[in-house]
Amino acid sequence: MATGYSYHPDLLAHDTGTGHPERPARLSAAHEFLQTHTWYPELVQVPPTAASLAAIERNHKARYIEHARAQIAAGANYLDSRDVAVSAQSFEVALLAAGAGINLCDAVMDGRIENGFALIRPPGHHAENDQALGFCIFNNVAIAARHLRAEHGLGRIAILDWDVHHGNGTQHSFETDPDVLYISLHQFPFYPGTGAASEIGIGPGAGSILNCPLPAGSGAVQYELAFHQQIIPKLDEFRPDFILISCGFDAHENDPLGSMELSTEFFGSMTEWMLEVAHRHCAGRLVSLLEGGYDIDAMRTCSARHLDALRRA
């Protein structure tokens, strides 16, 4: 079955300012590179549309959404902290990014595609339900997970986050929920300071969080051990109905913000392992959403290797 791809040039309108690592060129360069591949025409284009406020409110407090809209409309340069640079179009672009994940999930559930990748910005996994944080305005992957449950009635959603930074916002969104499994492997200690192995969920959600913190300098051997000793067994135990990936490429060896040592090829290997799990448990249903990744060449090559693995599933 086909692989979906979601991208739109309007995502470039979120202007973070000169020298900011989360810049429009991350997407434009990757998209242009993808178009040079012979298999690009095989991808099913699933254009993003703005997520409804109702969809955003499933994961974010209404007062925060209005605060974000009002601050950006008033001309703020930052939202909540200097971590989150914004411009006049940032609110609309954030809605579009969240909508990309929703549209890909709908396309999978409608049977138009088996899996898909959203090349989007701003990223989302640091956004809390009431606060922008770490370049993130809305938590795209959490919104997609809640959409799958609310609109498609799915019971168990698994989220794997391989961004080099821990997804504090996603963990906090689901840490009391036994039906959403959040797994993160990330550099630790590192921004944002969360993601210790002892953080396993709260109350009825105890056991629904799996953090695999790794020290700076970790490479393929340590990541592969985490996958085969912890992550894949946990997923097999959970038996998800759908898999979402917070797909950051900032654990790449050339990334300027992370200090990990992963190659472009290894991102393909991680994708293939997750596809095997998806085929075992949920008919291959998997959607990945871009998070970080700040080296332009790595963005190009990792996006292509990731999509190539998805289309060959």
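Is cysteine 105 buried or exposed? Cysteine 105 is buried, as its relative accessible area is 0%; here buried means under 20% relative accessible area, exposed means over 50%, and partly exposed lies in between (1.4 Å probe, protein chains only). Keep in mind that this is a predicted model, in which local features need pLDDT of at least 70, side-chain atom pairs count only at pLDDT 80 or more, and totals for chains, interfaces and linings use all residues. Residues are numbered from 1 along each chain as its sequence is written, and side-chain values use heavy atoms, with hydrogens and water left out.

**Overall build**

- You can find 9 helices and 10 strands in the protein; helices (H or I, at least four residues) and strands (E, at least two) are DSSP runs, numbered from the N terminus.
- A compact globule of 313 residues would have a radius of gyration near 20 Å, and the 17 Å of the protein agrees with this. The radius is taken over C-alpha atoms, and the globule rule is 2.2 Å times the number of residues to the power 0.38.
- The C-alpha trace spans about 50 × 50 × 40 Å along the principal axes.
- Among contacts with a separation of 6 or more, 77% join residues 24 or more positions apart; contact means heavy atoms within 4.5 Å.

**Surface and charge**

- Of the 313 residues, 59% count as buried.
- The accessible surface is about 11100 Å², and carbon and sulfur atoms hold 50% of that surface. Such areas come from the Shrake-Rupley method with a 1.4 Å probe, and for residues only the protein chains shown count as cover.
- There are 20 positive and 37 negative side chains, with the centres of the two sets 4 Å apart. Lys and Arg count as positive and Asp and Glu as negative, while His and the chain ends are not counted; each charge is placed at NZ of Lys, CZ of Arg, CG of Asp or CD of Glu.

**Cysteines**

- A disulfide is a pair of cysteine sulfur atoms within 2.5 Å, and by this rule the count is 0.
- For cysteine 105, which is in no disulfide, the nearest cysteine sulfur belongs to cysteine 282, 11 Å away.
- Cysteine 136 is in no disulfide either, and the nearest cysteine sulfur, from cysteine 247, is 14 Å away. Cysteine 136 is buried, at 0% relative accessibility.

**A look at alanine 13**

- Alanine 13 sits in the loop between β1 (3–6) and α1 (25–34).
- With a relative accessible area of 33%, alanine 13 is partly exposed.
- Neighbours within four places in sequence aside, alanine 13 is in contact with Ser87, Gln89 and Val93.
- Between the C-alpha atoms of alanine 13 and glutamate 261 there are 31 Å, and the two residues are 248 residues apart along the chain.
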